[in-house]
Amino acid sequence: MVMLLLTASTASSTSWSLLAQSLRKEVVMGVSNGIVSAPINPQEVYNLLGVGKYNGEYNINYLCSNNHGKINKWAKYKPVKYPGLAPSANYWKAADGFCGFKVPRVDGTNIGALETATWEYSAPTGDDEPFRLLDFEGYDHNARPQYVPQIQKYITKKAGSQVGVLITENFTSGSLLLKEVMARELTDVYVGLMLTNTTNGVTYTYYYSTSQPISAGGNLIIGVAGDNANLTVGRTFKAVLFLCTASLGSSGYLTPWSGANMVWAFPDSPIYDRVGSITIRRAETFEDYLNITSWTSVTTGHSSIKFTVVIKNVSEFSRTFKRKDIRCTYDISRTYNNSAWDRVFKERQLLFGASDDTITYSIEAGQSINFSGETLIDWGGAFPLKWYGSIILELLGSSGKYDALGGYNELSYNM
């Protein structure tokens with residue numbers, strides 16, 4: 001770090017006009033791509049922050065105090081409350097160790113603060129907390145929060161852990177890491193999720209968290225057990241993020257305030273929402289995203305029905321399924337010599353007549369795919385018969401059950 005020491009206190013204001021003559025030969029462009037480097041030109045920092053002159057001057061006190069509100073609080077290097085005129089190697093941690101933040105801790109008696117408490121930037125005030133221009137060395141005006149959460153709109157009602165929140169790592173090299181801020185507590189921290197819903201006067205509250213602490217880095221996920229009895233289909237829960245020292249898992253029944261655990265509000269930011277809503281929906285079936293749009297070239301012989309089916313993906317996403325999961329059901333009535341004796345055949349068989357677990361099909365959103373098949377029929381003789389039938393395509397769902405897709409088609413043939 002270049003020790004070009006420029007400090008000021010609340011008692012004496014240092015202006016650019018008084019420093020200009022001594023600095024003019026040393027100052028070069030101190031800002032590149034939003035990052036400040038030494039030697040630092042106060043005017044360049046003013047321009048970077050978009051701050052106008054203070055009482056007609058480029059005032060270091062005003063610049064470092066953040067009374068203008070333009071300093072990016074997520075920048076690792078920025079003016080902080082730290083004693084001494086010369087910054088130390090770890091000055092960026094600030095005297096209290098919270099890296100220039102007021103981190104709002106929340107106890108179990110004031111849960112509402114998880115939604116409203118803000119992470120305030122705690123800038124120096126002068127005197128015992130000197131204003132140091134060199135605190136800006138390495139300042140990144142484009143710094144971002146380390147984690148950007150995305151609360152899911154839906155959780156599917158089915159067994160197993162469902163994704164409740166996706167947490168993506170998204171920061172610059174000059175950004176503070178969340179673990180650096182929380183290192184003051186000398187413990188690891190997890191990202192938590194609180195779900196609450198009030199139905200018929202009864203309030204249901206559940207807590208979840210990431211399985212990995214924030215020190216692990218990388219993208220994180222908060223899982224929610226979809227088979228919780230009170231996660232009723234159609235019910236909408238308020239979703240609130242927080243930080244906690246406990247790993248709460250995905251069951252929903254552990255509380256983050258038990259024992260010596262600590263809880264804080266999740267950092268607030270204009271680039272994401274830390275409060276949202278999650279609606280519980282039924283498990284998706286093939287009917288939700290695939291439709292049989294037409295049947296063509298349906299013909300019969302004495303021993304088979306041949307057909308072509310067109311399946312369209314009506315969802316917003318690409319869908320993939322295996323060849324072995326495609327089956328056909330048909331119902332056929334037979335009239336023997338035009339008498340009143342009817343016999344009904346019902347059978348489910350593979351559309352392609354063979355099981356193959358290696359062949360998969362993918363249908364892009366809005367696109368269609370054609371399948372041709374043949375159902376073999378044991379009609380039991382060579383006499384003229386009359387067939388009435390329907391063919392319904394079925395696909396094997398995640399539950400292991402076959403979901404009918406409709407596509408009912410009447411057939412009437414004299415054979």
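Val181 is buried, its relative accessible area being 0%, where buried denotes under 20% relative accessible area, exposed over 50%, and partly exposed the range in between (1.4 Å probe, protein chains only). The residue belongs to helix α5, which spans residues 178–182; helices (H or I, at least four residues) and strands (E, at least two) are DSSP runs numbered from the N terminus. The model is predicted: local features need pLDDT of at least 70 and side-chain atom pairs count only at pLDDT 80 or more, whereas totals for chains, interfaces and linings use all residues. Residues are numbered from 1 along each chain as its sequence is written, and side-chain values use heavy atoms, with hydrogens and water left out.

Contact is taken as heavy atoms within 4.5 Å. Once neighbours within four places in sequence are set aside, Val181 is in contact with Gly97, Phe98, Cys99, Phe101, Val103, Trp119 and Leu176. Val103 is 78 residues from Val181 along the chain, yet their C-alpha atoms are separated by 8.6 Å. Across the protein chain, residues 24 or more positions apart account for 69% of the contacts with a separation of 6 or more.

The protein chain contains five helices and 25 strands. Buried residues make up 48% of its 415 residues. Its accessible surface comes to about 20000 Å², of which 48% belongs to carbon and sulfur atoms; these areas come from the Shrake-Rupley method with a 1.4 Å probe, and for residues only the protein chains shown count as cover.

In soluble globular proteins, nonpolar side chains tend to be buried together. A nonpolar core is here a set of buried Ala, Val, Leu, Ile, Met, Phe, Trp, Tyr and Cys residues joined through side-chain atoms within 4.5 Å. The largest such core has 65 residues, and those with the most contacts inside it are Trp119, Phe136, Val181, Met182, Leu193 and Leu243. Beyond its neighbours within four places in sequence, Leu243 is in contact with residues including Trp119, Leu178, Met182, Tyr190 and Trp264. A second, separate core of 15 residues includes Val240, Phe242, Leu248 and Ala265.

Aromatic residues supply a further set of links. Rings of Phe, Tyr and Trp (its six-membered ring) pair if their centres lie within 6.5 Å; planes under 30 degrees apart count as stacked, over 60 as edge-to-face and the rest as tilted. A search of the whole structure finds 12 aromatic pairs. In one of them, Tyr54 and Tyr62 are stacked, at 4.4 Å centre to centre and 20° between the planes. Tyr54 is partly exposed at 36% relative accessible area, whereas Tyr62 counts as buried at 18%.

The rings of Trp74 and Trp119 are also stacked, because their planes lie at 25° with the centres 6.2 Å apart. This pair links distant parts of the chain, 45 residues apart: Trp74 is in the loop between α3 (60–65) and β4 (101–102), and Trp119 in the loop between α4 (113–116) and β5 (120–121). Trp74 is buried at 5% relative accessibility, and Trp119 is buried at 1%. Ring pairs join Trp74, Phe101 and Trp119 into a cluster.

Among the strands, β9 (residues 161–169) and β12 pair in the antiparallel sense over six bridges, where pairing requires that DSSP find at least two bridges between the strands. Ile167 has Leu220 in β12 as its bridge partner. Strand β12 (residues 220–225) is mostly covered, with five of its six residues buried.
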